[in-house]
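Hello,

Here is the structure I promised to pass on to you. Please have a look at it alongside the notes below, and tell me if you read anything in another way.

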Amino acid sequence: TGTVTITGGGDTNFLDTDGNSGGVTVTSGDMPTILLPATILREATSPAGATATFVATATEPGGASIPVICSMNSGGTFPLADTIVTCSATASNGNTVSGEFTVTVVDTTRPVLTVPADITVLATSAGGAVVSYSASAADTVGVVSFVCTPPSGSLFPIGSTTVTCVASDASGNSGS
């Protein structure tokens, strides 16, 4: 009976007027605050994807910093595609807050081709000459097709012939 005045916040056990612990617990409804990045966009740097770093912070209702646990680590390698990162933090009052953000890894880089300079050869027959050349393609995430037309080792007719080489990667980017 009487008036009870509660000052402050957080989880507190109170004693009744006779000094007995009455098992009265007042739990603060204050939630911690979590700050997460917006969507992170990275260009793939290897077939595995790309490294993404981020900062996720959380604070107690009173402002003190608390640890944040995320499903992926900052500085880790994220695969090509969208990866949803879920983070949470628990305040000393037991309240937990969580949130998520997306790390998107894309491949927009075309394969790079290496082709020889113009080649001049003497005809070995009325049909022209067989010409061999070396051409290659490289890509950050890997070349899936590479074709030169006409191919090396073909019979090239007398006169000028343009060789066209085309490479593409798994993301559909192509270079020629």
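This is a predicted model: local features need pLDDT of at least 70, side-chain atom pairs count only at pLDDT 80 or more; totals for chains, interfaces and linings use all residues.

**What I found**

Residues are numbered from 1 along each chain as its sequence is written, and side-chain values use heavy atoms, with hydrogens and water left out.

**Leu41 and its sheet**

Leu41 sits in strand β4. Strands here are DSSP runs of E with at least two residues, and helices are runs of H or I with at least four, numbered from the N terminus. β4 runs parallel to β11 (residues 96–106), and 4 bridges join the two; strands count as paired if DSSP finds at least two bridges between them.

Both strands belong to an open sheet of 4 strands with mixed pairing, in the order β4-β11-β10-β8. At its edges stand β4 (40–43) and β8 (69–70), each with a single partner strand, so one side of each has no neighbour in the sheet.

Leu41 itself is exposed, at 55% relative accessible area. For this and what follows, buried means under 20% relative accessible area, exposed over 50%, and partly exposed in between (1.4 Å probe, protein chains only). Beyond its neighbours within four places in sequence, Leu41 is in contact with Thr104 and Val106, where contact means heavy atoms within 4.5 Å. Thr102 lies 61 residues from Leu41 in sequence, with 8.5 Å between their C-alpha atoms.

**Disulfides**

The structure holds 2 disulfides, that is, pairs of cysteine sulfur atoms within 2.5 Å. Counting bonded cysteines along the chain, their pattern is 1-2, 3-4.

One of them joins Cys70 to Cys87, with an S to S distance of 2.1 Å. This pair links distant parts of the chain, 17 residues apart: Cys70 is in strand β8 and Cys87 in strand β10 (residues 81–90). The link of Cys70 and Cys87 is right-handed, with 110° about the S-S bond. Cys87 counts as buried, at 1% relative accessibility.

Cys148 and Cys165 form a disulfide as well, with their sulfur atoms 2.1 Å apart. Cys148 lies in strand β15 (residues 143–149) and Cys165 in strand β17, so this bond ties together parts that are 17 residues apart in sequence. The torsion about the S-S bond of Cys148 and Cys165 is about 110°, so this disulfide is right-handed. Cys148 and Cys165 are both buried.

**Nonpolar cores**

Which residues have the most contacts inside the largest nonpolar core? They are Phe54, Phe78, Val85, Phe101 and Val103, in a core of 19 residues. By a nonpolar core I mean a set of buried Ala, Val, Leu, Ile, Met, Phe, Trp, Tyr and Cys residues joined through side-chain atoms within 4.5 Å. β5 (50–52), β10 and β11 each supply at least two residues of this core, and β11 gives the largest share, 4 residues. Leaving aside neighbours within four places in sequence, Phe54 is in contact with Pro37, Ile40, Cys70, Met72, Asn73, Ser74, Phe78, Val85 and Phe101. Apart from this core lies another, of 5 residues, including Val131, Tyr133, Phe156 and Cys165.

Ser168 is in strand β17 (residues 164–169). Is Ser168 buried or exposed? Ser168 counts as buried, with 18% relative accessibility. The side chains of Ser168 and Ser145 make a polar contact of 2.7 Å; such a contact is a pair of N or O atoms within 3.5 Å, where within protein one must be able to donate a hydrogen and the other to accept it, and residues adjacent in sequence count only if both atoms are side-chain atoms. Not counting residues up to four places away in sequence, Ser168 touches Pro111, Val143, Val144, Ser145, Asn173 and Ser174.

Ser125 is in the loop between β12 (112–114) and β13 (129–131) and is partly exposed, at 38% relative accessible area.

**The chain as a whole**

The chain has 0 helices and 18 strands. Of its 176 residues, 24% count as buried.

Best wishes
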